[in-house]
Amino acid sequence: MIDLIADMTLAEVLGQVCGLVALGFCIAGFANKNDDRLMVLLISANVAFALMFAFFESWTASALTVLVIVRITLARKYQGNWPIMLGILAVNLVVAWATWKSITDVFPLAAAVFGTVGMFMLRGIPLRIVLGFAALAWMLNNIVIGSVGGTLAEGMVLVTNIITIIRLYRLQKKYPDFTPGS
């Protein structure tokens with residue numbers, strides 16, 4: 001373990017630290033029952049993720065993560081708004097095009113597209129399924145760049161989504177009129 005850390009550059013060590021900080025924010029956010037606090041913690045996690053990606057020189061992921069922060073804010077205020085969603089998708093494509101380094105940049109782009117469509121257009125189980133695909137894409141990106149904290153954070157998001165989908169499915173089966181978020 002010490003040899004592994006000793007072989008890392010300063011940027012890689014800082015990237016790992018930022019990934020672990022992001023993991024901490026994700027855990028705190030998903031453990032929180034207050035939606036506003038959850039959003040603040042998720043925004044904080046995404047700031048840490050953006051820094052992590054920058055330290056790993058994963059520029060597409062870093063830039064798209066900054067856009068995630070904007071997307072979270074806009075999607076909460078303008079849920080279901082096609083023009084704003086399409087604008088965010090267009091900005092994501094332009095940013096990905098401008099920062100693209102390799103084929104693995106497809107993972108953060110896919111995550112950004114899934115996340116944008118999900119947050120603007122979906123609720124309940126469909127939202128969580130699409131956000132699960134986004135988490136999987138982020139996790140694959142984190143594996144490729146070698147981020148331990150980032151991989152663990154997205155794995156936790158994926159497992160949490162699966163558990164929540166099961167809970168929502170059971171609630172909908174038991175109470176057919178139940179709709180999440182109402």
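Reader: Which residues in α6 meet those in α4?
Author: This is a predicted model, and the answer applies to that model. On the α4 side, the residues are Thr-60, Ala-61, Leu-64, Arg-71, Ile-72, Leu-74 and Ala-75. In α6 they meet Pro-108, Leu-109, Ala-111, Ala-112, Gly-115, Thr-116, Met-119 and Phe-120.

Reader: How many residues of the contact of α4 with α6 are charged?
Author: By class, 11 residues of this contact are nonpolar and three are polar. The number of charged residues in the contact of α4 with α6 is one.

Reader: Are α4 and α6 roughly parallel or roughly antiparallel?
Author: The two helices pack with their axes 10 Å apart, at an angle of about 5°. Angles under 35 degrees count as roughly parallel. Therefore α4 and α6 are roughly parallel.

Reader: How far apart are the end C-alpha atoms of helix α4?
Author: Helix α4 covers residues 59-77, which is 19 residues. At 1.5 Å a residue, α4 should span 27 Å. The end C-alpha atoms agree with that, as they are 28 Å apart.

Reader: Is Val-113 buried, exposed or partly exposed?
Author: Val-113 has its place in helix α6, residues 106-121. Its relative accessible area is 30%. Buried means under 20% and exposed means over 50%, so Val-113 is partly exposed.

Reader: What separates the C-alpha atoms of Val-113 and Ile-88?
Author: Along the chain, Val-113 and Ile-88 are 25 residues apart. Their C-alpha atoms are separated by 9.1 Å.

Reader: Is the crossing of α2 and α8 left-handed or right-handed?
Author: Helix α2 is residues 10-30 and helix α8 is residues 148-174. Their axes come within 6 Å and cross at roughly 20°, so the two helices are roughly parallel to each other. The crossing of α2 and α8 is left-handed.

Reader: Which residues of α8 make the contact with α2?
Author: From α2, the contact takes in Gln-16, Gly-19, Leu-20, Leu-23, Cys-26, Ile-27 and Phe-30. The residues of this contact divide into 10 nonpolar, five polar and no charged. The α8 side is Val-148, Gly-149, Gly-150, Leu-152, Ala-153, Met-156, Val-157 and Thr-160.

Reader: Leaving aside neighbours within four places in sequence, which residues is Asn-161 in contact with?
Author: Asn-161 is in helix α8. Its relative accessible area is 10%, so Asn-161 is buried. Apart from neighbours within four places in sequence, Asn-161 is in contact with Arg-128, Leu-131 and Gly-132.

Notes. Residues numbered from 1 in each chain as written. Predicted model: local features only at pLDDT ≥ 70, side-chain atom pairs only at ≥ 80, totals over all residues. Heavy atoms only, no water. Axes fitted to C-alpha atoms, helices over the stretch in contact; angles between N-to-C directions. Helix = DSSP H or I, 4+ residues; strand = E, 2+ residues; numbered from the N terminus. Parallel < 35°, antiparallel > 145°, perpendicular 65-115°, else oblique. Left-handed = near helix turned anticlockwise from the far one by under 90°. Contact = heavy atoms within 4.5 Å. Nonpolar A, V, L, I, M, F, W, Y, C, P; charged D, E, K, R; others polar. Expected span 1.5 Å × (residues − 1). Buried < 20%, exposed > 50% of the residue type's maximum accessible area, 1.4 Å probe, protein only.
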